[in-house]
Structures are given as C-alpha cells and as structure tokens.
2 protein chains.
Amino acid sequence: MKTYLDCIPCFFKQALFAARAAVDNEETIKEVLDRVGVLVSEIPMYNSPPETGREIYRIVREVTGVDDPFAALKAESIKTVLALYPQFKQRVEASDDPLESAVRLAIAGNVIDFGANPDFQLEEEIQETLQLEPVINDCEAFKQNLETAQNILYIGDNAGETVLDRILIETMARPVTYVVRERPIINDATMEDAIKSGLDEVADIVSSGWDGPGVSLKGGSEAFLTHYEKADLVISKGQGNYETLSGEQRPIFYLLKAKCPVIARDLGVNKGDTVIKYALA
Amino acid sequence: MKTYLDCIPCFFKQALFAARAAVDNEETIKEVLDRVGVLVSEIPMYNSPPETGREIYRIVREVTGVDDPFAALKAESIKTVLALYPQFKQRVEASDDPLESAVRLAIAGNVIDFGANPDFQLEEEIQETLQLEPVINDCEAFKQNLETAQNILYIGDNAGETVLDRILIETMARPVTYVVRERPIINDATMEDAIKSGLDEVADIVSSGWDGPGVSLKGGSEAFLTHYEKADLVISKGQGNYETLSGEQRPIFYLLKAKCPVIARDLGVNKGDTVIKYALA
C-alpha cells in the first residue's frame, strides 16, 4: 500500500508517542519531531507507510538513545494475554467451529497496537472485537486452502497478539513457520517475544530480516524469502504486514482489524472493521 | 498558552485539511506538508499555537495560490446560522435568564471550527452543546461586570458563530466593539463575515490587525490595541483567542468549547467541556 497524505500527520503522532515512551524530556522529544519534520520532504509517496515508520523509529533510537522504548509494554501485553490463554483456548475448543473461532480470536488479538492506537484496554477490546462479524469474510476459502497446506507461513504482528496466534496455530494443526521482526520496532513481536508467548512450541520461528513494522521482500532475510517462496499458504496478520505486502503477486490471507482510516479505505471497509481477506494477487 | 508537543502532529492535520480545501492535487498538497515539515524545527515552544498556525496558512497560501480556501464553507456556515437566528433569538428572549442563555448560545456557536474539528454537523452540534452545563461557570461575575461596563471589547472567532455572538450582543444591550481577523485564516471571521452576520448593526467592528487565528498584542492594529486598553470588559471567544491571550495581565472572560485535548488540559477541563472563565490576570 502506498503512503497517503493522511499518513503524514500520523507519522508525527507515532514519533511523539514513541519518543515519549523512550524519554521524559521535552527538548529531546522536540528534537525527534524536528528530525521527522525534515524527513517529510524525503518520503516517497509510493513507499509503504512502514518504510517510513522504519525511518521514524531509527530517528527515535538515535535521538533518545533508547533501543526498545516499548519493551516494558510488550512484556506486559504478553503477560496479560498469557493469563487469558486458558480461557480463550477452552472457548475455541468448545465452539461449533473451532477453526473459525480461532481465526476470529487471532484477529481480535490484533487490537494490540501502540503505533496506530495507543489508548486501548486490552482484555475489553479483545472481547469486543470477538463480537464483530468480519466485514470481509473469506474464512471458507481459508479452510479449503488449509486442508492441503503443508508449508504455512504465518507473519506475526504485535507482541501479546502472538499468544492468540499460538491458539490459531494449535487449532490449524499443520506445520507452520512464524515470522517475527528482525529487531524491536514499536510493539511488534521479535524472536524473544514469540518465544515468551510459547510460539516456539508450535512453530518454527524465523526473522523477517527487516527492521520496519511490516515485512520487506527487498530487505528480507534469506530464511524469510525462502519460506515466503515455498509456502502454500501465507497468513499475514495486522496492518503493517498488509501495508508492505498488498499488491504482491501471490495469494495471501490477511487477518486484521482496520484500526486506521487510511487502511480501512484502502481495504474498502470502515475503521474498526475486521477482515479475513483472501487476496489472490 | 505555549505550544505543546501534541500541537505538532495537529499542525500537519490542519495543514492537510487547509491544503485540501484549497486544491485537489496530491503533489501540491504534499509540497505544503514538506514545507510545514521544515518549519517544525523553527517552532519556538514558547510561542502560542496560533503564531505557528499563521505560518502554516501562509505556506498554504503561497504553495496553493489560494488566499481563502474556506470562503465557501464560511459563507455556508453564516447562511446556516442566519436561518437559525429567529428560533435561537426567540429561545433566548423566552428564557428565565436571557443573559445566561445568550452566553451559553454564544459558546454553543463555538462548535464551528474547521481548524481543530473538521467533522461537525452544525445545527446538531449547537443543539447538543447548548445542553452542556459549563464546567467552569463564572456567569455571575460576567453579569456583575456587565452592569457597569461602558466599553466592551468582544473578540470574535469563527464565521457563523458570529450570528450567535450577535444575539449575545443584542441581549447585553451595551456598547460593543467587535474584533475580527485582519485577513482570511481558516474559517475565522473577517470584516466581511461579521457584516454578513449582521454584526455591523449591533457593534462597531474593528480588525485585530493580525492575520493569525487569534489576536496579537505585538502584531495588533492601533485600533484594536486602543480598544483593548480602554475596554472595561473583554470577551474572548474560542480557542485561538484563548491561546494567544491567556497569561495576559488583564481581566478577560473566555467563552469557549474545549475542542482540543491540549487546550482542555491547559484549562483543567475535559475535551468537549464548555467554559465561561473569568481570568483576572
């Protein structure tokens, strides 16, 4: 997905939020915003927003000296969702359609997002999102594809959400490679976060090789690209992965909650809607 | 009021909104944002936000070549509220306390604001805001000051709101000088807008001499400064005037709806609250 003009004010909102998470010093935070200001004229609108997000978080790191401003928030999210794991696991197993329930639960986990939606109440929002009927619902196609899938690539998004991804992976009961970010970026899941969430027990975990809040085929690791090529089912979680993958020439299932109005418009849905979208190319 | 860090993303939101009102060309709009980006590092945080707002609208004018992007929206607002004038006028006259009703109505008119709150439904929002109990309510002090006032300076805010200011001025029945912006800025009322609203029939209208979305004692016209000095009652409508006048060493009545979280926090109220605030200095 290209960068829209509306993304630009939001880049500043995200830079401010990240800089505040890193330091408590108005001058330092202002310096982050100054440098993001200079960046604006260098943003190619054909780039995906996560490519710019990557630059913004680089500036936050350089100016504040803090490498992972969201470390504590990520740990808290994982802890909170791990505590909910037994309840959700049981709910999926007891449902009439465990697979669809698990897909919806994995989407509900996508409420976690410090980049685009800092003010959320984790458990309440997961519960609320679980009630939503996906506005695009290609779950039947997902089930069909899953029947014969032998190499599933599951591209993760946020830390905490990872625990609900684990429930979906357990429910699919197929070989899965789970993709994490190369290094900390916003609250996106890294190798460490995936392991803390128990994903290493149910999937092979590989790094995307890229340090933006999405994936990159240009900047991706060989391990990621190899899996991406050979996968017969690709699951892409969340907005950042959608933004960097949409338009790619291969079938992908996007599971996400449209938390940002620009992405909602790009998908043809309303902000707040959930989608299980099967994009063929 | 100083500039807060949260104002910076909002400057881009406002620049984008104004540039879009001016032109329908993505490259031109991006150029506006590029130039606002360069401006960020030059924003002194001790400046009031309207001082930066002034620079932003200058950039919008220069890049787009459009002097008054909100001309049509302003005309529409005035027309809409003029059509409501008889109904509101009658409501004020029929109320138990016409003066307080007129003050509240003038505050309700402050919902109109294309700078900070582009998505409003005019009549509904006025009606809703009229139901709100002002969270700071110095209306008794206002009435007392009004009893002996001979030189009232009434600093206007948005076009359309002007029609409800007129009802308050009629209800006060005292000599009033009404202050408008020197030139078009966002949807703020200029001389032309004030006249279209019928304010010339009930007040002397003077220009503030300044082209920012507020007033400036440094950049003000002599006419404005003379009235400001000699006034025994100053009424300041809306956020922009509050932002530029708060902290001044003279008694001022601020009538406004806190539409922005930063101003709400500065006033010690919640976003959406209305206030009749008597600031002694």
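In helix α2 of chain A, the buried residues are Ile29(A), Lys30(A), Val32(A), Leu33(A), Asp34(A), Val36(A), Gly37(A) and Val40(A). The model described here is a predicted one. The cover over these buried residues of α2(A) includes α1 and α3 of chain A, and also α1 and α2 of chain B. Helix α2(A) spans residues 26–40, 15 residues in total. From its first C-alpha to its last, α2(A) reaches 21 Å, close to the 21 Å expected at 1.5 Å a residue.

The two chains meet through 17 residues of chain B, which are in contact with 17 residues of chain A. On the chain B side, the elements that give two or more residues are α1 (7–22) and α2 (26–40) of chain B. Helix α2(B) provides the largest share of that side, 8 residues. By class, the chain B side that touches chain A consists of 10 nonpolar, 2 polar and 5 charged residues.

Within chain A, the domain assignment gives domain 1 (7–64) and domain 2 (71–279). The centres of the two domains of chain A, taken over C-alpha atoms, are separated by 25 Å. Contact between them involves 11 residues of domain 1 of chain A and 13 residues of domain 2 of chain A. On the domain 1 side, α1 (7–22) and α3 (49–64) of chain A are the elements that give two or more residues. Helix α3(A) supplies the largest share of this side, 6 residues. The side of domain 1 of chain A that touches domain 2 of chain A is made up of 6 nonpolar, 3 polar and 2 charged residues.

Chain A also contains an open sheet of 7 strands with mixed pairing, in the order β1-β7-β6-β5-β2-β3-β4. The edges are held by β1 (136–137) and β4 (204–207) of chain A; each has a single partner strand, so one side of each is left without a neighbour in the sheet. Strand β2 (residues 152–155) and strand β3 (residues 176–180) of chain A pair in the parallel sense over 4 bridges. In this pairing, Ile152(A) stands opposite Val176(A) in β3(A). Helix α7 (residues 139–148) of chain A packs on the sheet and touches β1, β5 (233–237), β6 (252–257) and β7 (274–279) of chain A. The direction of α7(A) makes about 50° with that of β7(A). Helix α10 (residues 222–230) of chain A packs on the sheet as well, touching β2, β3 and β4 of chain A, and its direction makes about 120° with that of β4(A).

Glu51(B) lies in helix α3 (residues 49–64) of chain B. Glu51(B) counts as buried because it has 21 C-beta neighbours inside 10 Å, the cut-off for burial being 20 or more. Thr3(B) is 48 residues from Glu51(B) in sequence, and the two are 9.3 Å apart in space, C-alpha to C-alpha. Thr80(B) is placed in helix α4 (residues 71–94) of chain B. Thr80(B) has 15 C-beta neighbours inside 10 Å and therefore counts as partly exposed. Beyond its neighbours within four places in sequence, Thr80(B) is in contact with Leu122(B), Glu123(B) and Gly160(B). Of these contacts, Gly160(B) is 80 residues from Thr80(B) in sequence and 7.6 Å from it in space, C-alpha to C-alpha.

Technical notes: Residues numbered from 1 in each chain as written. Chains lettered and ligands numbered in written order. Predicted model: local features only at pLDDT ≥ 70, side-chain atom pairs only at ≥ 80, totals over all residues. Contact = placed C-beta atoms within 7 Å. Nonpolar A, V, L, I, M, F, W, Y, C, P; charged D, E, K, R; others polar. Pairing = 2+ DSSP bridges. Axes fitted to C-alpha atoms, helices over the stretch in contact; angles between N-to-C directions. Domains from an automatic or database assignment. Expected span 1.5 Å × (residues − 1). Buried ≥ 20, exposed ≤ 12 C-beta atoms within 10 Å, placed from the backbone.
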